[in-house]
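Welcome! Here is a short briefing to read alongside the sequence and the 3D view. Take it one topic at a time and find each residue as you go.

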Amino acid sequence: NSDNTNTNESGIVLCSACDRCRSRKTKCDGNRPCSSCIAKYKKKHKITSIENIDPSLFECAYSPAKRRGPIPGAKAAQMMANGTTAATTGKRKRGKHDGMFVGVGGGTGVMDAVSSKVVHEHPDDLMDKLRDLVEKLASHRQDFKSRGDALPAIFHKTVDNEVATIIETCEEVLNTTSNAAGDFLHDLHVIEPEMGDVQKVVAAYPQSLLFKDVDGNLPIQNASASREGIKYIPLLAKEAIERGSINVGDDRGGLFLPTGEMQASGGSSSDSDADCGGNNSANVLQRMVWSSHDRAEELMSHDEQCALSLKELGVSNLLRHDDVKGHNLLHRCYNSNYTKRLEYLLLLDPSLISTPNSSGDVPMNIASSVIDDGIRVFATVLKVGMIHHPKQAGFLFHTNNYKQKALYMAVATFGKENVMKSIKETITEQTVTEMSLPILHKVFCHTPEFANEFVTMYPGLT
């Protein structure tokens with residue numbers, strides 16, 4: 001039965017979410033079976049279709065809704081959201097004992113006490129106030145029960161039912177708004193709110209960072225799966241770290257959580273650069289670094305945004321130098337559309353500039369063989385190489401295991417004119433003079449075929 005009603009065959013009102021979703025505190029669509037239970041069944045039995053499968057096998061059960069007190073929780077929650085209560089609308093007659101439970105006098109009902117305590121508070125404090133109120137109500141209710149023998153049964157039952165209704169209503173409001181906050185974080189790539197607004201939501205609903213969608217993903221995992229969501233990753237990770245009680249699964253706020261398979265970026269990557277475990281699986285950080293854009297006009301801005309997010313993680317010490325090699329972040333970054341990210345990662349761990357791979361290639365060799373506008377990658381690696389290894393001319397003359405020098409490789413790939421122009425723009429004569437770099441000496445020793453070109457570029461050195 002796929003009917004999405006909230007009653008069973010006997011007319012009993014059922015909970016709006018199935019038992020499994022309620023226990024896991026995940027979103028439930030209310031279908032029978034719900035999409036979450038269907039997804040779990042498919043994954044468990046490794047099937048793609050549920051056609052002709054008995055619905056009872058999904059174990060998607062809905063328990064009867066608790067209906068304690070005169071006002072159903074959903075209706076009371078709606079009334080609270082509107083700033084009204086049954087006592088103020090006249091839809092429920094106040095009993096003679098209304099108002100005495102939490103010390104509210106003057107004939108005001110208990111629901112009015114909840115409303116005055118919660119509804120009109122500042123949004124940032126509202127949920128904390130509501131949680132405190134639930135705890136106080138539960139405590140008062142327990143104290144009241146301990147005096148039950150000394151009170152008339154009808155009086156005791158009336159007050160207890162009233163308080164139980166308020167507690168249930170408050171809990172329903174908390175659950176409903178918390179779920180809404182979770183949905184908000186999962187839809188960051190669609191809504192694209194201001195960072196300050198995201199912070200406010202997380203401050204009011206910290207548990208929303210742990211809200212899972214029907215596929216079992218957390219908000220930070222979904223943020224990494226979309227280009228528009230990447231800019232929110234540093235904020236989500238920092239918020240999880242700052243709240244010690246929020247455990248998303250690792251000590252970096254969720255950066256190392258798996259995100260499933262990732263499509264190839266479409267750019268060049270060296271065969272000598274190992275893939276991730278031999279497949280296309282990627283964690284949040286890797287997906288963030290390797291993400292691309294399907295619109296050519298957006299590639300540059302996307303690269304800059306990703307680099308800014310990486311820098312933000314670095315400043316917060318959530319991204320560290322050993323992560324670059326440890327998580328193979330340079331993989332797929334030797335691409336003209338990734339130069340900002342490539343530059344930042346090499347600056348974060350400059351030891352990689354001089355670290356050869358199994359083929360003896362350092363980044364300069366790899367950059368020298370990148371096709372499709374790879375001259376920008378070449379210039380980027382040379383720039384970082386000159387910052388950390390100026391005496392080695394940025395490893396421009398490094399020879400790999402196949403006796404191939406980076407400069408020869410670059411000329412063969414990009415053409416002599418483009419390479420010399422890039423070198424001149426990166427290694428200026430002023431830089432060579434001020435740092436006393438032996439650039440011409442290296443040229444004569446390693447690549448004498450290009451001596452004339454270098455002498456022409458640096459006439460003051462001859």
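Let's start with two helices: the axes of H15 (residues 339–348) and H17 come within 10 Å and cross at roughly 20°. Because angles under 35 degrees count as roughly parallel, H15 is roughly parallel to H17. Keep in mind that this is a predicted model.

**Where H15 meets H17**

- H15 passes H17 in a right-handed crossing.
- On the H15 side, the contact is made by Thr339, Leu342, Glu343, Leu346 and Leu347.
- On the H17 side, you can look for Arg376, Val377, Thr380, Val381, Lys383, Val384, Ile387 and His388.
- Sorted by class, the contact of H15 with H17 has 7 nonpolar, 3 polar and 3 charged residues.

**The whole protein**

- The protein has 22 helices and 2 strands.
- Of its 462 residues, 45% are buried.
- If you take the contacts between residues at least 6 apart in sequence, 67% of them join residues at least 24 apart.

**The nonpolar cores**

- In soluble globular proteins, nonpolar side chains tend to be buried together.
- The largest nonpolar core here has 81 residues, and Phe378, Ile423 and Phe454 are those with the most contacts inside it.
- H17 gives the most to this core, with 7 residues.
- Which residues does Phe378 contact, leaving aside its neighbours within four places in sequence? They are Met364, Ala367, Ser368, Leu396, Ala410, Phe414, Val419, Ser422 and Ile423.
- There is also a second, separate core of 12 residues, and Leu14, Ala17, Tyr41 and Phe58 are among them.

**Helix H18 and its neighbours**

- H18 covers residues 406–414, and its buried residues are Ala406, Leu407, Met409, Ala410, Val411 and Phe414.
- Which helices do the buried residues of H18 pack against? They pack against H16 (363–367), H17 (375–388), H19 (416–426) and H22 (451–457).

**Where H18 meets H19**

- The axes of H18 and H19 come within 7 Å and cross at roughly 125°.
- H18 brings Leu407, Ala410, Val411 and Phe414 to the contact, while H19 brings Lys416, Asn418, Val419 and Ile423.
- By class, the contact of H18 with H19 divides into 6 nonpolar residues, 1 polar and 1 charged.

- His186 is found in helix H7, which runs over residues 153–186.
- Is His186 buried or exposed? With a relative accessible area of 8%, His186 is buried, because buried means under 20%.
- Not counting residues up to four places away in sequence, His186 touches Phe211, Lys212, Asp213, Asn217, Leu218, Pro219 and Asn222.
- Glu425 is found in helix H19.
- Glu425 has a relative accessibility of 56%, so it counts as exposed.
- Glu425 and Lys383 are 42 residues apart along the chain, and their C-alpha atoms are separated by 9.5 Å.

How values were computed:
Residues are numbered from 1 along each chain as its sequence is written. This is a predicted model: local features need pLDDT of at least 70, side-chain atom pairs count only at pLDDT 80 or more; totals for chains, interfaces and linings use all residues. Side-chain values use heavy atoms; hydrogens and water are left out. Buried means under 20% relative accessible area, exposed over 50%, partly exposed in between (1.4 Å probe, protein chains only). Helices (H or I, at least four residues) and strands (E, at least two) are DSSP runs, numbered from the N terminus. Contact means heavy atoms within 4.5 Å. Axes are lines fitted to C-alpha atoms, for helices over the stretch in contact, and angles run from 0 to 180 degrees between N-to-C directions. Angles under 35 degrees count as roughly parallel, over 145 as roughly antiparallel, 65 to 115 as roughly perpendicular and the rest as oblique. A crossing is left-handed if the near helix is turned anticlockwise from the far one by less than a right angle, and right-handed if clockwise. Ala, Val, Leu, Ile, Met, Phe, Trp, Tyr, Cys and Pro count as nonpolar, Asp, Glu, Lys and Arg as charged, and the others, Gly among them, as polar. A nonpolar core is a set of buried Ala, Val, Leu, Ile, Met, Phe, Trp, Tyr and Cys residues joined through side-chain atoms within 4.5 Å.
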